[in-house]
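Subject: A structure for you to look at

Hi there,

Here is the structure I promised to pass on. Please open it next to this email and follow along as you read.

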Amino acid sequence: MDPCHYVRLLVGNLALKSPASSKPSFSGKVHPSTSSCFCEIKLRGAGSQRSHAATVPITSDTHPTPHSMAACFDFTKPHIEKLLSSKKPTTITISLYKGRADTSFSFFSSPKLLGKISVPIDFTMLDSKPVTFHTGWVNLAKADNKSSSAQSLHLTVRAEPDPRFVFRFDGEPECSPQVFQVKGDVKQPVFSCKFSFRDKNQGQFQSSSANANHMAERKGWSITVHDLSGSPVAAASMVTPFVPSPGSHRVSRSNPGAWLIIRPEGDGTWKPWGRLEAWREPNSSNAVGYRFEVLPATADPVTLAAATISSQHGGKFTIDIATGVTPVSTPHGSWDLGSRSRPGSGSGVDFGLDPMLMYKGFVMSARVDGEGKCSKPEVEVGVKHVTCTEDAAAFVALAAAMDLSMDACKLFSQKLRKELRQ
């Protein structure tokens, strides 16, 4: 089955040049975050207004422009078709400010608008190859849009295909569901999952019992992913129990629960691939925090994702490396879910991303539902990160672990559903 069609719109390589700039803030040695300028990047006319914020380094004619990613916007095929049938123009608008923003860009300290530019996006130009809508310098328009500023902004706006495999659980992970690969209205089974409780005495996966567990910990959960032949191709095992902090009903960040994502080695053994930690944010927060890191065999662990998800409303667990890469290679293997050729995977070279390194750009996402809802995760995985069945299965196991972590981080004053009680 072919992957689903996605397009990623990339904005980056930002730099400001001004006659008043006597000393650049970017010289290859100074991080762009030291710049006193930032911008707001908005996508207009695409159904909903989406925006990002990024720092903008100050440069000069004697220094090269930096290569970095500032914003990414994703489009599905139905979304693009809707835009093509719409008469509303789609544009990327960049408003440049002088001032500093905090790390979340949620609060700006008395910013002064320096100017803005707009880049039209023509979706009729998109096909199986990348399209560059703009790259280079452009003069800033002043805030009144009636005159030009003496300052100029360097930027690159580019769209490139970003095909993804989409997997959907047909039930909650703790109910040992099947997993389908989907494309539009077509779906086919590719994996099955087995949820169980690990028997510490034998170190094996055992069937769960319905006995209530009144101990103040949640431990020993495991979920194994099997291919259509019944062979295990990935697993997620709870290696650190989820326990409440003293005098509290919450799993704390200082003592998180943890999962190990493992893959078969090929000789009957398993090897660690990644580690997922989760906890409940402090005070009255209803957010579940998480951190995921890959475990290279010959290098230190590398964090790929760290964020929070609302325990009430749910959200997306996402691995999206927009500004960095990790030195991790994928082992060779056969790929039987689709074609080995992966056209249009996108190099990211224009934004300073090394094409020889594995994890870059969009890696995966998984929808996680909130408490009290029937959660059937849907997992998107970038095609360029899948070369064999075990690759896809590892991401599916990771998505299941994140979904189960929402239950494991539930307040200990609340009772778990019977499938999760040993």
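Below is what I found, starting with the whole protein and moving on to single residues.

First, some ground rules. This is a predicted model, in which local features need pLDDT of at least 70 and side-chain atom pairs count only at pLDDT 80 or more, while totals for chains, interfaces and linings use all residues. Residues are numbered from 1 along each chain as its sequence is written, and side-chain values use heavy atoms, with hydrogens and water left out.

**The whole protein**

The protein has two helices and 21 strands; these are DSSP runs numbered from the N terminus, with helices being H or I of at least four residues and strands E of at least two. Of its 422 residues, 49% are buried. Buried means under 20% relative accessible area, exposed means over 50%, and partly exposed is in between, using a 1.4 Å probe and protein chains only. Now for contacts, meaning heavy atoms within 4.5 Å: among those between residues at least 6 apart in sequence, 65% join residues at least 24 apart.

**His154**

Find His154 in strand 8 (residues 148-161). Its relative accessible area is 10%, so His154 is buried. The His154 side chain comes to 2.8 Å from the backbone oxygen of Asn13. Beyond neighbours within four places in sequence, the contacts of His154 are Asn13, Leu14, Ala15, Thr65, Gly136 and Trp137.

Strands pair if DSSP finds at least two bridges between them. Strand 13 (residues 221-226) and strand 14 (residues 232-240) run antiparallel and are joined by five bridges. His226 has Pro232 of strand 14 as its bridge partner. The hairpin of these two strands has five residues between them, and Gly230 there takes a positive phi near 95°. Strand 14 also pairs with strand 15 (residues 257-264), again antiparallel, over five bridges. Look for Met238 opposite Trp259 of strand 15.

**The cysteines**

How many disulfides are there? The count is zero, where a disulfide is a pair of cysteine sulfur atoms within 2.5 Å. Cys374 is partly exposed, because its relative accessibility is 48%. Cys409, in turn, is buried, with a relative accessible area of 1%.

Enjoy exploring!

Best wishes

Notes. A polar contact is a pair of N or O atoms within 3.5 Å; within protein, one must be able to donate a hydrogen and the other to accept it, and residues adjacent in sequence count only if both atoms are side-chain atoms.
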